[in-house]
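Q: A reader new to this model may wish to ask on what grounds each description of it rests. The questions below take these descriptions in turn.

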Amino acid sequence: MFGFFKKNKQTLQSDIDNLAEQVALSINKFSKNKDLEYLCYSKYTKMDSVLFACFLVRAMCIGASTNQSRAIDFSNRFMDKFASSAQATHSPNDSSLFQRMFNNRMSFYDRIFMSKSGIENKISAILEEFEYIVKADIVNGGYSEYTETSPLSLLPDGIMGDMKLREEAVSFFQTLPSIISPYFQNVQRSL
């Protein structure tokens, strides 16, 4: 009986590691054979895309957990593995930039997520803020801290650009579960 639980724990750790790696690669996988104008505009928009994906996947897995201790263990392991994988993939020569972005975006998304009630409202708010962050990356030509009081950026191509960015962001969000499958489902079931 002990061997069964040990094997399941090892399998869960492997699934968490694989899930984190797949989330770190999610924008690259999503962008294959697609004409993405905004989410792949620069290394900053790509990093912000995987940070958005990381936050959502972590929140959905924690939300599926029936055990607080397992949820905390999952979160710690997932975030550590994601950070190392994403930094190596998207910012191999500037770990301090990645760490600043990671810390800023995760704490920002946490505050937005906690300020809303109901999972639909939470996810809708995170998706909207993700779009604002991508706009800021494009308009500022790089990374800048983002908070609830940051000015809203306007894309140079106006409403058409806003609509295209919205389409890309929603499509990325909707496609994410299939990109990170089967690890996502395995982790959710195990928590």
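A: Helices here are DSSP runs of H or I with at least four residues, strands are runs of E with at least two, and both are numbered from the N terminus. The model to which this is applied is a predicted one.

Q: What makes the pattern of the protein chain α-α-α-α-α-α-α-α?
A: The protein chain has eight helices and zero strands, and the pattern is read along the sequence.

Q: Why is the protein chain called as compact as a globular protein of its length?
A: The globule rule gives 16 Å for 191 residues, and the radius of gyration of the protein chain is 17 Å; the two values are close, so the description holds. Along its principal axes, the C-alpha trace spans about 60 × 35 × 30 Å.

Q: What share of the residues in the protein chain is called buried?
A: Buried means under 20% relative accessible area, and buried residues make up 46% of the 191.

Q: What makes a set of residues a nonpolar core, and which members touch the most others in the largest one?
A: Its members are buried residues of nonpolar kinds, among them Val, Leu and Phe, joined through side-chain atoms within 4.5 Å. The largest such core has 59 residues, and Leu 19, Val 23, Val 57, Phe 78 and Phe 82 touch the most other members. Its largest share, eleven residues, comes from α3.

Q: How do you know which residues Phe 78 is in contact with?
A: Contact means heavy atoms within 4.5 Å. Leaving aside neighbours within four places in sequence, Phe 78 is in contact with Ile 16, Leu 19, Ala 20, Val 23, Cys 54, Val 57 and Arg 58.

Note on methods
Residues are numbered from 1 along each chain as its sequence is written. This is a predicted model: local features need pLDDT of at least 70, side-chain atom pairs count only at pLDDT 80 or more; totals for chains, interfaces and linings use all residues. Side-chain values use heavy atoms; hydrogens and water are left out. The radius of gyration is taken over C-alpha atoms; the globule rule is 2.2 Å times the number of residues to the power 0.38. Buried means under 20% relative accessible area, exposed over 50%, partly exposed in between (1.4 Å probe, protein chains only).
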